[in-house]
Amino acid sequence: MSLVTVQLGQCGNQIGGQLFTTVLEDAYGKGGLGCTKKENTVYQDAVLERFFNTEEPSSETRLSCSQQVLPTARAVMVDMEPKVIQQTIQEAKKSGKWQYCEKGQFCQKRGSGNNWAHGYSHHGPTARDAVMDIVQREVEKCDRFGGFLSLMSLAGGTGSGVGAYLTECLREEYPHSFLANQIVWPYGTGEVIVQNFNAALTLSHLYQSADAIIVFENDNLHKICSQLLSIKNISFQDINSVISQELASVLQPAISADSGRTNSPGELLERLVPDPQYKLLNVRTIPHTSERALAFSSFTWPGLLKHLRQMLIANAGMEEGVDWQVKVHSRDRRLSSADFTPSLANVLFLRGKQCESTDISPFSDPRLYSSWVPRDAAFSVFRQQRPFHHYEKYASLLSNSQAPVGPLGSLVGKAWNMFASRAYVHQYLKYGIAEEDFLDSFATLEQVINNYSNL
């Protein structure tokens with residue numbers, strides 16, 4: 001199944017460029033050294049079908065530096081300023097391994113000024129026809145179209161405002177296609193003074209149109225870069241590399257242990273979103289180690305999965321500093337705020353040697369899940385014996401759980417306080433949205449919080 005990626009705004013375009021680089025590095029990198037030529041070819045062809053348009057090269061030139069026909073990303077690039085799109089295109093060309101389609105971009109000369117209403121009410125409608133034409137061309141290139149993955153930030157004006165508008169357009173034009181949005185949650189300390197307005201308005205609209213919303217929190221990503229990867233001067237490129245690696249770990253080809261089917265977008269959403277009221281997903285992965293330290297590291301499946309399970313129940317974004325005092329207890333008594341984070345559904349991905357024989361039963365413990373979810377629907381696993389990227393063993397957990405309640409509650413509270421004092425509200429009203437639109441957004445998100453809190 002092919003996936004069409006829609007890159008929205010500065011953040012979405014930068015993540016998209018890094019994601020395509022990451023999936024090719026995985027497909028043609030060190031992970032294939034222990035595999036047969038046939039195994040590598042099957043895996044590489046599956047990666048190319050999912051993420052790229054490509055003419056079949058000869059065996060002598062398969063993704064070598066001398067290859068003339070480069071894979072072309074199945075991507076639609078949207079931004080209101082040309083600079084980042086141009087940089088992302090040039091970086092792809094410089095890699096010599098892949099490229100963007102020459103006619104796959106839409107940009108203008110002026111941005112959205114970090115104003116959600118400007119992006120949603122002005123730039124979005126202006127861009128609609130041109131962008132949807134590009135989308136249609138990309139979809140028609142797919143032999144087996146599997147759905148959309150939109151990449152965007154919540155904090156600014158283009159990714160959030162235009163992104164929310166175009167997501168609604170995609171749902172309208174492709175009502176039966178799977179539509180997932182990957183969003184970057186802003187730093188708690190603030191990137192943009194109106195980021196809570198932008199984030200609240202975006203999330204409430206995405207909740208009405210997307211099938212799933214995959215959340216990455218900048219604060220957690222920053223900690224991974226600092227504490228696990230030992231990066232001193234952390235850049236957005238470093239953070240985007242972590243996002244891309246975690247996304248790739250759940251999107252690269254893998255096989256279901258029970259059905260034998262691959263991890264297509266539709267397959268994953270069917271398992272993870274049992275009810276449309278619950279569509280906030282997050283990704284936890286292990287290990288995170290710099291390439292320099294990896295040569296001196298050794299990992300076992302029991303050790304990795306023990307830490308990953310504790311990350312799930314303690315709602316930890318990384319393995320370092322996880323709270324081992326949080327325990328799973330019987331679901332027949334009420335949970336307190338100090339107790340574990342319950343789930344609706346979890347999908348585990350195991351990549352690397354001996355992944356077929358490792359014990360995964362702790363993740364199917366019924367105490368981890370809401371009581372109304374059928375036991376056979378709450379947990380599933382996909383495996384790929386080929387090592388991932390530069391890791392011999394790598395585990396990922398894509399979860400639909402109570403984890404977003406805390407950050408979402410904080411965000412709505414801050415946005416409400418600003419709205420109550422009418423701070424910056426006039427900047428939004430002048431682009432055509434009303435105060436009722438704010439109130440509707442707050443009401444939608446409060447309902448989401450209540451739904452998840454009652455798991």
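The protein has 15 helices and 13 strands. The model is predicted. Of its 455 residues, 57% count as buried.

**Overall fold**
- A compact globule of 455 residues would have a radius of gyration near 23 Å, and the protein, at 21 Å, agrees with that.
- Along the principal axes, the C-alpha atoms fill a box of roughly 60 × 60 × 45 Å.
- Among contacts with a separation of 6 or more, 80% join residues 24 or more positions apart.

**Helix α6**
- Helix α6 covers residues 195-209.
- Helix α6 is mostly covered, with 13 of its 15 residues buried.

**Helices α7 and α8**
- Two packed helices are described by the angle and the distance between their axes.
- Helix α7 runs over residues 218-228 and helix α8 over residues 236-251.
- The axes of α7 and α8 come within 9 Å and cross at roughly 100°.
- Angles of 65 to 115 degrees count as roughly perpendicular, so α7 and α8 are roughly perpendicular to each other.
- On the α7 side, the contact uses N218, L221, H222, I224 and C225.
- These meet D238, I239, V242, I243 and E246 in α8.
- The residues of this contact divide into 6 nonpolar, 2 polar and 2 charged.

Technical notes:
Residues are numbered from 1 along each chain as its sequence is written. This is a predicted model: local features need pLDDT of at least 70, side-chain atom pairs count only at pLDDT 80 or more; totals for chains, interfaces and linings use all residues. Side-chain values use heavy atoms; hydrogens and water are left out. Helices (H or I, at least four residues) and strands (E, at least two) are DSSP runs, numbered from the N terminus. The expected span of a helix is 1.5 Å times one less than its number of residues. Buried means under 20% relative accessible area, exposed over 50%, partly exposed in between (1.4 Å probe, protein chains only). Axes are lines fitted to C-alpha atoms, for helices over the stretch in contact, and angles run from 0 to 180 degrees between N-to-C directions. Angles under 35 degrees count as roughly parallel, over 145 as roughly antiparallel, 65 to 115 as roughly perpendicular and the rest as oblique. Contact means heavy atoms within 4.5 Å. Ala, Val, Leu, Ile, Met, Phe, Trp, Tyr, Cys and Pro count as nonpolar, Asp, Glu, Lys and Arg as charged, and the others, Gly among them, as polar. The radius of gyration is taken over C-alpha atoms; the globule rule is 2.2 Å times the number of residues to the power 0.38.
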